[in-house]
Each structure stands twice: as structure tokens, then as C-alpha cells.
Amino acid sequence: MQKETLDYLIKLYFDRIAEVGFTKYVKECEGYKFDFVNHFQNNFDINATDFHKMLEEALLNNNLTGGKFYFPKQTILNFLKIDELKIKNAFINLFDENNFIVDRIDNFKQVFDEMMAEENKNNNGHLHTFIDLRFISLLLASMYPDDYYYIMITPFKRVGKYLDINIHAPRGASYGEKYRILARVADKVRDIIIKLPEIKKVHDGFIDHNNRETYKRMLKDDKYCWTIQDFIWITGRKLDKSKDPISDPVLA
């Protein structure tokens, strides 16, 4: 990884922060993701007797859980009305770290794919679940914020290619396999930029209690998983519009 390529990503990141101002950035623009994790950590209960009610409360309503043409939270809540035990067991298995991460992600997705296929068959429909890698990784990174990354596939792929990290995935790779590959990109980025004082300042701004909604349990982001996700998300989006001579050939 050449120093100038990393320096350019850092410039893209801090250019974005400068556009809106540091305090607004860590408190509002991207800090809401830290509030989301804090809320989840303080409200999710795998043993809840009313799993539907608990999950509806634990997953805040924002662009992480729904938006225009994107309804993963609502999909799960709808399926909970059909078979709460099946969905609850899907969550139990997803969060069981005794099993391989690739299998856990793929098995979670399969539960919803099969239920949706049955619903479409019964209703002559063509709906899909919205339970994609973005949402499944959100669940994992909210449950275990120091062990998993919230992954948006396109920005992670762009940053991986730009930094010349091997992110080749075979055609038809499953969500679980894609997570494994793209998490490697985040690991490599983290190993380098976690040492930078300017990144630590952003991290500290995200977790500053003065910038966050107050909960009993508060995310410290000790392993920088959410800070690195933010870095990759912002730089990956900006690389798409970049005219920098270093980045353009790599992204071709």
C-alpha cells in the first residue's frame, strides 16, 4: 500500500468533515450510527417474551433500517407475525459466535428467502426481503460492536481496490463470503489509520457523551470498528467522483 494512496483517502475524509464542521459531523451527520448502536445495546433482548415488540423498539427508525425502496426492519416485523419462533431462532443462530461467520450470515438470509418464497407462492407475488449484507452486518455490528463491521458493499470494494487489497470474490459468492472478504479490507485500513492522531480525534468525538444520547451502556468503540466503517463509507463514496490521477486507473 503506497503512502500517497492512503494520504489521498485521508484527505477525502477530512475534506468531508471540514465541509460540515467537526462538531456537526460527529454529533449529527454520522454520529447517529453510534446512537443507533447504543440504543440497540440497551434494548435488544434475545430472551424477550414478545420478540416482535422488543425488536421494533431495539431497531431505531432511520436510514439504517429503512428508507425509500428499502424496508428490512419492516420485513422482519412482518415475518415475526407469521412465525415468531422461527425468526427468533434465526437471530439466536446469527449471534452464536461458536459457529463460522460465513455460515451464520448465509443461514440467516436463507430463513427469510425461504419465507418470502413461500409468501410469494401463496400470493402470486414477486416481493423480496431486503435482508441483505448491509442489514445483516448492521445487526452483527450492533450486537458485537467491537467484533464486526457494518458493511456497505460498494464503498468497501472501491476502497479495497484503491488500496490494492485482494478482494476477489468468485462469481455468485454468498453474502457470508462477501462479508469475510470485505471485513479484511476494513481490518487492513484499521491497522494503519488507527495510529493517526487525527483519526483518534474523530473516534473520540463520536464516543464523547456530550455528542450522544445518554444510555446506561455506551459504545466506546474500543477497536475502532464503527470509526473505520465511517472512514470507508465516506471515502468510498467520494472515490466514485474522484479525478485524482492515482485513484482513477485503479477504479477502472
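Okay, let's start with a word we'll need: a residue is buried when its relative accessible area is under 20%, exposed when that is over 50%, and partly exposed in between, using a 1.4 Å probe and protein chains only. And a helix here is a DSSP run of H or I with at least four residues, while a strand is a run of E with at least two, numbered from the N terminus.

Now, what you see above is a predicted model, where local features need pLDDT of at least 70, side-chain atom pairs count only at pLDDT 80 or more, and totals for chains, interfaces and linings use all residues. Residues are numbered from 1 along each chain as its sequence is written, and side-chain values use heavy atoms, with hydrogens and water left out.

So how confident is the predictor? pLDDT is its confidence in each residue, from 0 to 100. The protein chain averages 91, and 94% of the residues score at least 70. Over residues 243–252, though, pLDDT stays under 50, and the model has 15 contacts beyond four places in sequence for them. By contact I mean heavy atoms within 4.5 Å.

Let's go to helix 5, residues 72–82. Which of its residues are buried? They are Pro-72, Lys-73, Thr-75, Ile-76, Leu-77, Phe-79 and Leu-80. The cover over them includes helix 4, helix 6 (84–94), helix 7 and helix 8.

Helix 4 covers residues 51–58, and Phe-51 sits in it. Phe-51 is buried, at a relative accessible area of 0%. Leaving out residues up to four places away in sequence, Phe-51 touches Phe-44, Asp-45, Ile-46, Leu-80, Glu-84, Lys-88 and Phe-91. Leu-77 is 26 residues from Phe-51 in sequence, and the two are 9.4 Å apart in space, C-alpha to C-alpha.

Next, helix packing. Two packed helices are described by the angle between their axes and the distance between the axes. Axes are lines fitted to C-alpha atoms, for helices over the stretch in contact, and angles run from 0 to 180 degrees between N-to-C directions. Under 35 degrees counts as roughly parallel, over 145 as roughly antiparallel, 65 to 115 as roughly perpendicular, and the rest as oblique.

Helix 3 (residues 32–43) packs on helix 4 at about 155°, with the axes 8 Å apart. That makes helix 3 roughly antiparallel to helix 4. On one side of this contact are His-39, Phe-40 and Asn-43 of helix 3, and on the other Met-54, Glu-57 and Ala-58 of helix 4.

Helix 11 (residues 197–207) and helix 12 (residues 225–239) meet at about 115°, with their axes 10 Å apart. That makes helix 11 roughly perpendicular to helix 12. Here Ile-199, His-203 and Phe-206 of helix 11 meet Thr-227, Asp-230 and Phe-231 of helix 12.

Last stop, the loops. Phe-130 has a phi near 70°, a positive value in a residue other than glycine. Phe-130 lies in the loop between helix 7 and helix 8. Is Phe-130 buried or exposed? Phe-130 counts as buried, at 18% relative accessibility.

Asp-164 also isn't a glycine, and has a positive phi of about 60°. You'll find Asp-164 in the loop between helix 9 (153–162) and helix 10 (175–193). Asp-164 is exposed, with a relative accessible area of 70%. That's my tour, thanks!

Notes
pLDDT is the predictor's confidence in each residue, from 0 to 100.
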